[in-house]
Amino acid sequence: MSTEVSETPVQEEPTPAPPGGGSRRGPDAAMAGLLASLRGSTRPAIEQVLAFLCFLSLGISVGLLLGWATGHDPGVILGDLFEGSIGDSISIGYLLTAAAPLLLVAVGAVICMRAGQFNIGQEGQVTLGAIGAGFVVFFVDGPGIVVIPLAFLAAAAAGGAWAFLAALLKFGRGVDIVVSSLLLVFLAEQLLTGLISGDGPLHDKGGGTLGAGTASQSPRVPEKAMLPTIDVLGVAVPFAFVLALVAAILVAWFLSSAHAGYRLRILGQNPTVAGTIGISASRLGSLAVAASGAFAGAAGAAILMGQSFQLNPGVASSIGWNGLLIALAARTNAGVSVLLALVFGAMVAGGGLLGGDGIPVDIVNVITAAIVVALLCPPVLLAAVRRRRLRRTVKVA
Amino acid sequence: MNLTTDLETILTASVPLTVPLLFAGLGEYVAQRAGTFNLSVEGMMLGSAFAAAYGATESGSPIVGLLCGIGAALLIAFVHGNLSHRLQLNTYVVGLSLNVLVLGVTNYLLSTTALDIPGGSAWRIPLLSDLPIVGKAFFVQPWVVYLLVPLLLLIWWVRRRRMGLELRAAGDDPVAGDLTGIDVNARRRQALLFCGFCAGIGGAYLSVFQAGSFTSGMTAGRGYIVIAAVIFGGWMLRGVIGACFVFGVAQGLQLALPAIGYTASPQLLAATPYLLALASLAVLGARSKRPLALGQPFAPVR
């Protein structure tokens, strides 16, 4: 019992041992504690919803406060953010375009974290996905109906394989996934830069856009490989968002109702029990990590063919990090992830209007980061209050 | 070609790139030994680089800039420490979101302020700076670089005191430490503050003393290189210092190799830190000297 105290401050259930038969302690074991505490406090109670909304607005107000401190009217900032994200049908299209890759990443992160595997390398897996999609888009000649699905498949395979590397290190050599997946992010960045500069196969050798031949960038995505939009009530809903929404619904169903999803949750909540009833941590855990990487990879394809239309060194542009943070702030719940992805998408889309009023767009990143920190606080604060109360009771006794 | 001038070129390119890694690396080493896998070191360096540039611009003095930088990094360390070692928020999540937050705040403030950093001159250490090959690289540097010496002595001295033992206990076995009366979370917060102090000097060096300007996201992942250095250094002081030098030279070679007529893939050189860290983890596996409770929150139950 004594070793378990340190691992899980908040949760009520017995501490799960880290999967994979590695050491009982260390970064991955710490994450098991975090995930258990996140799950432990997700009940659809009215207080939960109220706390969520309360801390969401707290996060937004931190950003507005910064704007106010530097001499910008918070009302104008808020107005621009609303106007630019849900003001008219075109703005809603922008919002959904921005939300799609975030949601794909978040859904993938939900899968691996429910399985107790803390993959934080989504940024790198997004990058690999963009590379995979790039190879298909720039080298496969065919109609869009062939190229686009093929690009998504290649992206998912590349992202999944990159995440699988981290799983291999975990279950083969006992390296914590937290650490290895983080290091793989920066390898992915260099790999991308290598491929799109100099003699790299994806380098724009000319005939493309600005800076062709010299800058580290790929050619533009051909017209036929750009993602289509679907008209719903006058709003041009991007295909990637439909895909992400379907993925979120499927994953939510899979985790709550499917047999394999049930086994996945057992592995995440109590690896000891999972081992006893014959769930192979290394097999199911690796699969979950690879699946999360595949979703992040698909997000990379959505970015390349729906937003950036070109590979450049920063193509993942923090979408991997933000998607991961969305999944965490949503307490690994696919439904709440959809909501938060829309909020983040609204920030990105609304940020476009800020520049016109002379307000730097970067305030959007401040707001989103503040939202994440704020949303993580409620369960933790609750636990801190509970601990203090407990200590007081002990003192009285 | 002339070997000595080539070596000198490589060293003069590498040392300025090694210095910020060393400062932040020493801090990260202490934080990790005390049990915090401190991802926010990237944010600390970036925040400090901006605050230092701002302070130096406003006051016209690099020293005030340095102090502002240290202050900003300490603030980030304070927030991180209280969120993860008082409220028990997970340290990885706090670190990642703080990095995003700091990147956003610095970019935002950068576009609302104009920076004009006063230049400083390098110190020329007598006699030593006349040495062949190493003289110019190591002994003609801005004065802030030589703060490394007292910092190293401090760490070396603290390691042999009760404080050092308590810090390591907080990282290796918080339960046992708690039972012997050590305030584990306070030690971890103090270690984080020390990390902030060191990373603050590193960040200020980057903007005020080395580049003489601040650009958006100017740390460019140096914080993560530092984490790779602590891993590759096997969580040992001499290992971390060695790793910082190796990674600094890998960065320096990107600049120096074309100058002396060789070509090498800059991407491969830039990837070296992460490759080496991953390789050392994979080879050592569970046998590494990683602090046993690294990254785990600790809540005393009384």
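Leaving aside neighbours within four places in sequence, A:Ala130 is in contact with A:Gly300, A:Ala301, A:Ile303, A:Leu304, A:Leu311, A:Val315 and A:Ala316, a contact being a pair of residues whose C-beta atoms, placed from the backbone, lie within 7 Å. This is a predicted model, in which local features need pLDDT of at least 70 and side-chain atom pairs count only at pLDDT 80 or more, whereas totals for chains, interfaces and linings use all residues. Residues are numbered from 1 along each chain as its sequence is written, and chains are lettered from A and ligands numbered from 1 in the order in which they are written.

A:Ala130 belongs to helix α6 (residues 122-139) of chain A; helices (H or I, at least four residues) and strands (E, at least two) are DSSP runs, numbered from the N terminus. A:Ala130 counts as buried because it has 32 C-beta neighbours inside 10 Å; the class requires 20 or more other C-beta atoms within 10 Å of the residue's own, while 12 or fewer make a residue exposed and values in between partly exposed, with C-beta atoms placed from the backbone.

| Property | Chain A | Chain B |
|---|---|---|
| Elements | 15 helices, two strands | 12 helices, two strands |
| Buried residues | 58% of 397 residues | 55% of 302 residues |

In chain B, the order of elements from the N terminus is α-α-α-α-β-α-β-α-α-α-α-α-α-α. The C-alpha trace of chain B spans about 65 × 45 × 35 Å along its principal axes. Its radius of gyration of 19 Å agrees with the value near 19 Å that a compact globule of 302 residues would have, the radius being taken over C-alpha atoms and the globule rule being 2.2 Å times the number of residues to the power 0.38.

Within chain B, helix α10 (residues 222-232) and helix α12 (residues 266-284) pack at an angle of about 30°, with their axes 9 Å apart; axes are lines fitted to C-alpha atoms, for helices over the stretch in contact, and angles run from 0 to 180 degrees between N-to-C directions. The contact involves B:Ile225, B:Ala228, B:Ala229, B:Ile231 and B:Phe232 of α10(B), together with B:Pro273, B:Tyr274, B:Leu276, B:Ala277, B:Ser280 and B:Leu281 of α12(B).

Two loop residues other than glycine also have positive phi values. A:Arg331, with phi near 50°, is found in the loop between α13 (319-329) and α14 (334-354) of chain A, and counts as buried with 23 C-beta neighbours inside 10 Å. B:Ala220, with phi near 45°, has its place in the loop between α9 (184-211) and α10 of chain B, and is partly exposed, with 14 other C-beta atoms within 10 Å.

Note on methods:
Two residues are in contact if their C-beta atoms, placed from the backbone, lie within 7 Å.
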